[in-house]
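My notes follow the order in which I looked.

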Amino acid sequence: MALDHLTVKALSRPRREEFTQDGELLATWWRQSSPGCYYWRCLLPARRLPGQVLRFVSSDLAERSDGELWWPRMQGACVWQFPGNATTGTLMRGMQTDGIRVLMDVDDNYLRVPDVMVNGGLTSGWQVGLDRNGSTDKYSFEAHARIARFVDGIIVATPALADLYSQLNPNVYVCRNSVEPTDWPEPEQRHDGVLRIGWAASHSHKFDAPLVRRALKWAADQPNVEVYTYGVGEVYKFPGRVRKVAWTDDLTEYRRSLSLCDVHICPLIETDWSRHKSDIKAMEAAMAGAWPIVSSAEPYRPWHDRTMVCTTAKDWEDAMRWVVRHRDEIPALARKAKEYVLAERTVEHEISRWREAVAG
């Protein structure tokens, strides 16, 4: 296929937060901008596969003297993070034409509008139908669905996503989010008698905030208890003495901040969209040395027989009362949660599934 037959827009994103390594690489991830998604869905498996993670720029598409396409940095199979526009779809088709195995990776439901809207628009910046403007090339749920139908396979983060995307493509691989223990420093031990409770969540979780509003207020009003909200407190006002911590994309700082708490809550209202999310927040809590308390929603199913589970606002109030009254039991519960993650949810444990996906 000649370059003039492959219409693409010049991509000139800066080459930052890329990862590569020496030797034969089995896959190349073409990443999106989100630092968290880059880490969990690209960097961790690429380190172990082995593979590399790149940002696609215009120089990544070249043409040989015979008119054939050439992808200078491409090695192994290619994995595109949640693609959804014409440019990306065209590039993926071009790679398939060149005999490259082409996969997409999804860590969320990108087939429909998310639950939370911001200023009348989608939180993700995506639109519903195809962008037919001809000059903007915006991402859309419709374009994403079209791409999902022709790729060689779809890598998903959860079984619920597998059920969803298997309606579009028969080749779906469940590669769960998993941790790299060496990325997590040992939490500092504190002996000041203060119980610290946290909720770390992006702005999209303001939809879930009413579930825990009264519970967090009550806890924050108790002696020797501090309550912190990370990120979500910037878009949802909590009453009383609940403290607000600004969100950060610096993962080292984020992990350090999480480790300040003894308990982390993971509330989630289950909807047709949210049920396809993963249990990252519970794993992060455990690795930070805290005890995760989880929602009864589908994403936290792996934790339902391992910790306290809440559904209603009253459940969360009861949970906070139990935590405050049984604070001496929290360290042992946190250790048990971390033991589960280290035994069953590490990237070393999960990497064979990634190898299966890229090999086909």
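These entries cover the pockets, then the cores, then the sheet.

**Ground rules.** This is a predicted model, where local features need pLDDT of at least 70, side-chain atom pairs count only at pLDDT 80 or more, and totals for chains, interfaces and linings use all residues. Residues are numbered from 1 along each chain as its sequence is written, and side-chain values use heavy atoms, with hydrogens and water left out.

**Pockets.** I took a pocket as an open set of points on a 1 Å grid over the protein atoms alone, where a 1.4 Å probe fits, with protein on both sides within 12 Å along at least five of seven lines. Lining residues have an atom within 4 Å of a point. Volume is the space filled by probe spheres set on the points.

The largest pocket holds about 1300 Å³ of space. I found 38 residues in its lining, with Ser 34, Cys 37, Asp 107, Asp 108 and Ser 202 nearest the centre. Helix H1 (35-48), helix H6 (251-258) and helix H7 (280-287) each give two or more residues to this lining. H1 gives the most, with five. Helices here are DSSP runs of H or I, at least four residues; strands are runs of E, at least two.

I then looked up the second largest pocket, at about 580 Å³. Its lining has 23 residues, and Gln 189, Arg 190, Asp 262, Gly 289 and Pro 331 lie nearest its centre. Helix H9 (residues 330-344) gives the most, with five residues.

**Cores.** A nonpolar core is a set of buried Ala, Val, Leu, Ile, Met, Phe, Trp, Tyr and Cys residues joined through side-chain atoms within 4.5 Å. Buried means under 20% relative accessible area (1.4 Å probe, protein chains only).

Which members of the largest core touch the most others? Of its 45 residues, they are Trp 29, Trp 303 and Val 341. H1 gives the most to this core, with seven residues.

**Sheet.** I traced an open sheet of six strands in the order S13-S12-S11-S14-S15-S16, with parallel pairing. Two strands pair if DSSP finds at least two bridges between them. Strand S13 (243-245) and strand S16 (309-310) are at the edges with a single partner strand each, so one side of each has no neighbour in the sheet. Seven bridges join strand S11 (residues 195-201) to S12. Ala 200 has Tyr 230 in S12 as its bridge partner.

How values were computed: Buried < 20%, exposed > 50% of the residue type's maximum accessible area, 1.4 Å probe, protein only.
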